[in-house]
Structure formats: C-alpha cells, structure tokens
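Open the model in your viewer and keep the selection tool ready. This tour goes stop by stop.

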Amino acid sequence: MYGQLIVEGLSIGACYAVFGIAVVIIYKTSEVINFAQGEMAMISTFVAYHILNVYGWPFWYAFIGALFFAVLLGVFIEVCFLRPAKDPTVLGLIVITLGAEMLLMGLASWKWGAEQKDFALPFSFHKTHELFKGVVINDWSIAVFVMAAVLMIFLYIFFRYTKLGVAMRATQQNEHAARIMGIKVERVFSFAWGFSSLIGALAGMFFAARSTLDPAYMMEPFLRAFAAAVLGGLMSIPGVVIGGGILGILENFVGFHWPAWKPIVAFLVIVAVLCIRPSGLFARHYEKKV
Amino acid sequence: MDMKRDYYEDVQLFESNVVLFWTVVLLVFLFTLPLYVPSYRFSLFNLVLVHVILAVGLNILVGNTGQISLGHAGFFAIGAYGTTLLMTKLGLPFVLALPLAAFISSAFGFILGLPALRLEGPYLSIATLGFGLTVTHIIGHWDFFGGRTGLQVPPLDLGGGFILKTDVQKYYLILIITIFLVLSARNLLKTRVGRAFVAIRDSDIAAEVIGVNLLIYKTLSFAVSAFYAGIAGGLFGFVLGFFNPEPFNLILSIVFLVMIVVGGLGAIAGSIMGATLITILQYSLLKNIKEVPYVGPFMVDISSRWFTVIGLENLNSIVLGLIMIAIVIFEPLGIYGIWLRIKKYWRTWPF
C-alpha cells in the first residue's frame, strides 16, 4: 500500500520537479518569479490540442509544434514585457508576470472556451507494470521519470560544460560583470525564457494528460511546482527535484489519509519550512547588504 | 516646491485651503450622489467603496511597508464570513460584529506577519499566497462556514430596528465608514507608526539600526492591513447579500494588488483612484462589453470569427493583464504619478 503511494507520489513529484525546473531557470538567470509559467505551459498545450484536433495532424507533429510555440512565447514575453521595464522593483516584476498570466488565461478562455477537454499522450495510465509485489507503475509515470532524468543530466552538462550555460550562471551571479566580460545579457535572458517555457510546456502536456485540459488547469500544478521550487531554494536544480519528490510523496500520503486537506498541505509545509530556513532547504542564505 | 517649515505643517490633515475646499466639494458630491444618479447604479458604487477600503489597507502593507501580499482575498473572506457568522450564529448586532470580525482578521494578519519577519520578496509572496488559498479551502470544506453552497447574509440592522434595505441606504453607511477609515489611514501614516513603516520599506536593516522594532512594526502593518480587509469583507457580504467561497480566490488577491499598483504605491489618493477605476472597469464596463456602442458589436464580430463568443467575458482578464504590464513599464508610480506630474507641470507653467 505505502509502496504504491510512494511510487505515485514520486511520479507526480517528478512532474512538479520538471515544472519547477522551468521556474528555477528563469529565477536563476534573471531573479524574476514567473507567475505566468503555468499559463505559458497551458497555452502551449492548447496549441498542441489545436493542431491535433482541428488540423488532425499526428501526435508528434503537434508535440514538436507546441514546443516550438512555447519557445517563441517565452522569448516574446521576455522581449515585449520584461525588457522594456526600467529598473523594476521585485513587486513590479511580480506584477508584470501576474499580468502576463491574466492575459494568457483570458486569451485561452476566449479562444478555446472554458469547458474541459481531453488531452491524451501516447503514455497511458492503464498500461501498468508490476515493479515489486503489489507495487505497480504505469506508462505515464515511467515517461515522467525518464523525462526528469534526461532533463537533469542534460542541465548538469549544460550548466557545467557549455559556453551558454556558463554565461547564464555568470549572468545570475553578477549581471554587470557578465556584461563587461562580453556576455550579451539580453540574449541570455531571452534564451532562458524560451528554454524555460519549453520545459514548462513539456511538463504541462504531462499534467494535461493526467487531469483535463481547460484554461485554469495549470493553476494548481504551477502553485505546487512553485512550492517545490521554494522548498528547494529557488536557485538549485537538484534542490527543486528533491523538493518536488518530498512534496509529491507528502501530498499523496495526506491525500490518502485526509483527502479534504490534500490541496493545502503543500503550503502549510512550505510556510513551516520557510520559517525555519528562510531561503529553502538547499540554498545558501545570503545576507542582504544595506 | 512643497517646503515644510515646521512639524505641524507636516502633520496637519489638509495641506492647504485649496485641498480643504476640494475635499469638502468631493464630500458634498458623494453625499448628494443619490440625487444625480439612478439608484440601480448603487450596488456598483457600494462595491467601489468596499474596494477602496481594502485598497487603502493593502497599500499600507504593500506600498508603505514594502511587504508583498498575495493573500488578501483570505482576509477579505475572514471579514465577510466573520461578520455574517457572528450575526447569525451568536446573534451579535451589526455594530459589534463588524469590528469584531475585523479584529479576528487582524489577528490572522498578525500571525501571517510572523513568518514575514524572516521572509522577503518571492518567499513572502508564496507564504501569503498559501495563506489565502488555505483560508478559501477551509471555508469551502467546513460545513460550519456554509461549505460550497454559501451563506445568506442577515438583514443589516444598525440597532433599534433601524434596518438598511436599499442599496442607497447601504451606500451612506459604507460611505461614512470609508471616509472614517481613509482619514484614519492618512493620520496613521503621519504618526511614528507610519514613519516606521516607511523606514522598513526603504531598508529594514537600516530601520532596525535606528531603533524601529521590526517584530512590532512588521506584524502591526500586517494586522492593520488585515483589519481594513476585514471591514471591507464584512461590508462586501452585505453588498452581495449572499456569498460562497468561490469569489475569494487567487485572482481576487491579484485584482486587489492591481488596484494599488495602478493607483500608485504608497499613496492613499492612489489607492482610491485605482480601486475606483479597476472596480468600474471589471464589474461594469467590461462585463457588459457587448452593450457598449461601436466597440461591442465589433468585439462580438471578432469573437465569432476567430474566437468564441461565450468567451468574450474573458476580455476582462485580458484588459486587466495588459493594464498591469503597461503600468509597470510606462508609469511605475501609477495614476498618482501621472497626477503628480500634471501638478508639477502646471505649477511652473508656462516655463
């Protein structure tokens, strides 16, 4: 019983983690909390749905098309909404991304209506494999685990060995110094937004397959993934994966014993953790300079 | 330009006789408003006033103390449910139930202020956001609070059988409470407490060094702000007459934040203008966009060609989102900033 709960918790936790990575990449490079992340993924998933159901193209075309759209959307939001803001405050940045969220949500409900739709991935929930005695795992979970693992390895290599990855880390540590060293900081930001939007769209399609597709479906997963990212410290990618895992398992256990409290347990845990370690479990706390 | 020569000049309620004159004109206009405007409009005006109270309170927290809150719908809900339940379950009169509910709300504000002592920026926003969601979740799932079906608001009895029934009567009550609370906020910000808030906003470490007790003033700011939200929530219940947990969601918290950002952070006049503008836009203009001449049919045409006509009401959130983005990019000080610039321009005109 508990083994099953842990496996399911880990799989949904891995999905939170992948989505949390999208939040972390943007925060890591530009110190912006992207509240529009969920809606960016939502609208990309709707694009996939549109290609599938209106144009009737095969799934993988829709998949690639949606990811392509996600990259464009991420770059668009960075270039048009965030870049023109001159020296914005933390609150200003939050307001911009919240505005983008409302904008995208309104556009999606205007275009596709508020009713729930089915969105299926080729990885079904019903095809299960027995791991141990009494513990089964379905195709969806396997796909999520594989995606998370591949993404982790890729990001590890990317941030450590590629020029662009190092440039992103440099930009995060000190924007002015990075600029002086010849890094085109604006391009790094745009890249970060496009890349993060792509990862978000990936996770968004998995969430849509798990529940249904409607303009508000990414709200809850986004908040959970955000919570996982905060738990991990908002800065570290291993941190968000561990945070996602903890959150998924915890949520599944609480959901099993006290189903009514499942939606809020994440936040109670987060607030408790933040009171003890104000910048998450896996990030160093920098003292602010006056 | 605005040189203050002594302390009393700085703390007085009206800066000059001109301000006093226009304030009196505005008040007279507001009190005689039922003479010029048909009475079916007044439920909208009541909503505007309720949001003005809330925005003034939220601005004390966000604009003056510099703490982000994405959970004000939670305090709003506590005020609404607290007032109604104190009246129906305990049988308290309205005049007692409203302040009591607001004090309950401010107690929750104090509790939420405790984690804020160690958190800032994004971390604080997630903590407050979690608070708002938790409150909505609890009132939605506990039968004591009416569950998903909602609560019927009792008659608004001011005591002695003097019951307010129409929107215009409620308008006078809410107007008086609003004026009182706005003046209190203005005075509060001119006292030691208000200056401490501003010091915390500008730099909490520096504020602590010069002797501002962060524990007291940060939690106090949350508590004051929650008190305003509580009063606003209690009145909001009476404006609606019937409510369920549904409206007190994250979007509402965002809309509250939009009001003060659009109006102008840290300015009371700004929160009043922002709340008025956003409320009228949200609850009147964009909701009935189809009836607006010229624009309405055009939008319906666009919708039926490329979008869905049913989804047209989502124009509301599209416009709100665009306003939020545009304000931060083009005018970070909000409407109040525009007003200040106009004033400055005319003061030295034609030079």
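**Stop 1: confidence in chain A.** Remember that this is a predicted model. Colour chain A by pLDDT. The average is 84, and 97% of the residues score at least 70. Now select strand β1 of chain A, residues 128-132. Among the elements of chain A, β1 has the lowest mean pLDDT, 72. Helix α3 of chain A, residues 59-82, has the highest, 90. Where pLDDT is low, the predicted coordinates should not be read in detail.

**Stop 2: a loop residue.** Select A:E31. A:E31 sits in the loop between α1 and α2 of chain A. Its phi is near 55°, a positive value in a residue other than glycine.

**Stop 3: helix α5 of chain A.** Select residues 139-161 of chain A. This helix has 23 residues, which at 1.5 Å a residue should span 33 Å. The C-alpha atoms at its ends are 33 Å apart, so the model agrees. Next, show the side chains of A:W140, A:S141, A:V144, A:A148 and A:L151, the buried residues of α5(A). An α-helix has 3.6 residues a turn, so residues three or four places apart point the same way. The buried residues of α5(A) pack against α1, β2, α8 and α10 of chain A.

**Stop 4: helix α10 of chain A.** Move to residues 237-257 of chain A, which form α10. Its 21 residues should span 30 Å at 1.5 Å a residue; the end C-alpha atoms are 31 Å apart, which agrees. Buried residues here include A:I237, A:G239, A:V240, A:V241 and A:G243. Further along, A:E251 and A:N252 are also among the buried residues. What covers the buried residues of α10(A) includes α1, α5, α9 and α11 of chain A.

**Stop 5: a crossing in chain A.** Select α6, residues 163-173, together with α8 of chain A. They pack at an angle of about 105°, with axes 10 Å apart. That makes α6(A) roughly perpendicular to α8(A). On the α6(A) side, pick A:L164, A:A167, A:M168 and A:T171. They meet A:V185, A:V188, A:F191 and A:A192 in α8(A). The residues of this contact divide into seven nonpolar, one polar and no charged.

**Stop 6: a helix pair in chain B.** Select α4, residues 42-64, and α11, residues 214-240, of chain B. Their axes come within 7 Å and cross at roughly 170°. That makes α4(B) roughly antiparallel to α11(B). The residues of the contact divide into 18 nonpolar, five polar and no charged.

**Stop 7: one residue in that helix.** Zoom in on B:V56, in helix α4 of chain B. B:V56 counts as buried, because it has 28 C-beta neighbours inside 10 Å. B:V56 touches B:L181, B:V182, B:A185, B:Y228, B:I268 and B:S271, leaving aside residues up to four places away in sequence. Now select B:I260. B:I260 and B:V56 are 204 residues apart along the chain, yet their C-alpha atoms are separated by 8.0 Å.

**Stop 8: where the chains touch.** Show both chains. The contact takes 40 residues from chain B and 41 residues from chain A. On the chain B side, the elements giving two or more residues are α7, α10, α12 and α15. The residues on that side divide into 26 nonpolar, 13 polar and one charged.

Definitions and conventions. Residues numbered from 1 in each chain as written. Chains lettered and ligands numbered in written order. Predicted model: local features only at pLDDT ≥ 70, side-chain atom pairs only at ≥ 80, totals over all residues. Contact = placed C-beta atoms within 7 Å. Helix = DSSP H or I, 4+ residues; strand = E, 2+ residues; numbered from the N terminus. Nonpolar A, V, L, I, M, F, W, Y, C, P; charged D, E, K, R; others polar. Expected span 1.5 Å × (residues − 1). Buried ≥ 20, exposed ≤ 12 C-beta atoms within 10 Å, placed from the backbone. pLDDT = per-residue confidence, 0-100. Axes fitted to C-alpha atoms, helices over the stretch in contact; angles between N-to-C directions. Parallel < 35°, antiparallel > 145°, perpendicular 65-115°, else oblique.
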